[in-house]
Amino acid sequence: MNSPREPDHELEDRVARRLLDVFIRVGLVFGLVWLCFHVFSPFLTMMLWALILAVTLYPLHQMLAKRIGGRQGGAATLIVVLGLGLIVVPTVILGSSFGDSVHGLINGVKDNTLTIPAPPARVADVPIVGKKAHAAWSQAHTDLPTLVKNMQPKIGELAGKALGIVASLGGGLLMFMFSFIVAGIMMAFGESGSHAMRAIFERFAGVARGAEFLQLATSTVRAVASGVIGIACIQALLIGISLIIADVPFAGALALVVLLLGVAQVPAAIVTLPVIGWIWASGSYETTPAIAYTILILVAGSADNVLKPLMLGRGVDAPMPVILLGALGGMATDGILGMFVGAAALALGYQIFMRWVGDNPELARLPAADGPGSLAR
């Protein structure tokens, strides 16, 4: 009576062993993936930046390689050296100048040799904050040591925050330099890297669409990079010309700061608003020129709002709003790195979704089933 059930027990045992074997293998795979990610995560940001730089600069690398006899390594080395020089030298100069200015300011406060000019009378007429600003400015003009002593706790907090910002910027700059070096290595082996990335995309999206999706991701990253850098250069040029027209001191240095802020996707208002405030508070401008210069600087500082929709989607097989939304959403969540990742991800997602919509099997069967005269009926 038990003999018919024995095969069932054997089948259940085999299925149970198979399931247990599958679960163990899946667990080991997930454990290995987690371990790899845990080991690689400290370098993830640097490698993403290196990949973005390599993809963006690869056409320039190929052009230089042709000029020097096809030497891929030599062209990559030249780009890395020039890039690091363009990054390090201005940073060191600006940092040294800023440090000297801060050191001189601190010594002037300690020795009571720092003089603050008297505030113009028009400062008190500014709505809401005018009277308080005029009073604080007047005290700084007449009795700066007392003002510094009263504001010492706030100055200490601001100094601590400023030190943290400087340390963060220094770490980011060091990481970017290492990313540039890794990008040079990637460009030196660009052909084999391109074949590897194509194989990865073909494995995920299929042989027919892998190359197309790889081209879409590459063109999106290049469009965002060229759009960001191009917009930053144009905006810095416009603001620099506006500052020269308005006869603002250190116009070139301020334009360089605007360029660096534009590349980092920081609003130019950080520079333009204090400049406008200086124009109105300095007393060197009449009312009509001050209004004209204010409008000119505000328009130049807002140029990126017009240029971004025009330049971000160029050369990409995806609508411009998709690229713009991906870039802005990625920047809002993960900063400037997220801008590239968000734009590429949203462009790929849009193309995959539209391909899925277009591959509707019912639409493909309609002409064959209803015939050419189906709409007439």
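**Figure 1. In helix α8, Gln235, Leu238, Ile239, Ser242, Leu243 and Ile245 meet Tyr293, Leu296, Ile297, Ala300 and Gly301 of helix α11.** Contact here means heavy atoms within 4.5 Å. The model is predicted, so to speak of local features takes a pLDDT of at least 70 and side-chain atom pairs count only at pLDDT 80 or more, while totals for chains, interfaces and linings use all residues. Residues are numbered from 1 along each chain as its sequence is written, and side-chain values use heavy atoms, leaving out hydrogens and water. Helix α8 spans residues 207–245 and helix α11 residues 287–301; their axes come within 8 Å and cross at roughly 170 degrees. The axes are lines fitted to C-alpha atoms over the stretch in contact, with angles from 0 to 180 degrees between N-to-C directions. The residues of this contact divide into eight nonpolar, three polar and no charged. Nonpolar covers Ala, Val, Leu, Ile, Met, Phe, Trp, Tyr, Cys and Pro, charged covers Asp, Glu, Lys and Arg, and the others, Gly among them, are polar.

**Figure 2. The chain has 14 helices and zero strands.** Helices (H or I, at least four residues) and strands (E, at least two) are DSSP runs, numbered from the N terminus. Of the 377 residues in the chain, 27% count as buried. Buried means under 20% relative accessible area, exposed over 50%, and partly exposed in between (1.4 Å probe, protein chains only). Take the contacts between residues at least 6 apart in sequence: 62% of these join residues at least 24 apart.

**Figure 3. Trp49 and Phe340 form an edge-to-face aromatic pair, and the whole structure holds four aromatic pairs.** Rings of Phe, Tyr and Trp (its six-membered ring) pair if their centres lie within 6.5 Å; planes under 30 degrees apart are stacked, over 60 edge-to-face, and the rest tilted. The ring centres of Trp49 and Phe340 are 5.8 Å apart, with 70 degrees between the planes. This pair links distant parts of the chain: Trp49 sits in helix α2 (residues 44–67) and Phe340 in helix α13 (residues 320–358), 291 residues apart. Are Trp49 and Phe340 buried or exposed? Both are buried.

**Figure 4. Phe353 and Trp356 form a tilted aromatic pair.** Here the centres are 6.0 Å apart and the planes make 35 degrees. Both residues belong to helix α13, and because they are three residues apart, about one helical turn separates them. Phe353 is partly exposed, with a relative accessible area of 48%, while Trp356 counts as exposed at 63%. Elsewhere, ring pairs link Trp278, Tyr285 and Tyr293 into a cluster.

**Figure 5. The largest nonpolar core has 22 residues.** A nonpolar core is a set of buried Ala, Val, Leu, Ile, Met, Phe, Trp, Tyr and Cys residues joined through side-chain atoms within 4.5 Å. Which residues of this core touch the most other members? They are Phe201, Val221, Val224, Ile323, Met339, Phe340 and Leu348. The elements giving two or more residues to this core are α2, α8 and α13, and α13 gives the most, with nine. A second, separate core of 17 residues includes Ala268, Val275, Ile297 and Ala300.

**Figure 6. Asp247 lies in the loop between α8 and α9 (251–263).** Its phi is near 60 degrees, a positive value in a residue other than glycine. Asp247 is exposed, with a relative accessible area of 60%. Ala251, by contrast, is found in helix α9 and counts as buried, at 11% relative accessibility. Leaving aside neighbours within four places in sequence, Ala251 is in contact with Gly240, Leu243 and Ile244. Ala251 and Ile239 are 12 residues apart in sequence and 8.6 Å apart in space, C-alpha to C-alpha.

**Figure 7. Phe189 occupies the loop between α6 (152–188) and α7 (190–205).** Phe189 is exposed, with a relative accessible area of 56%. The C-alpha atoms of Phe189 and Ala76 are separated by 9.4 Å, although the two residues are 113 apart along the chain.
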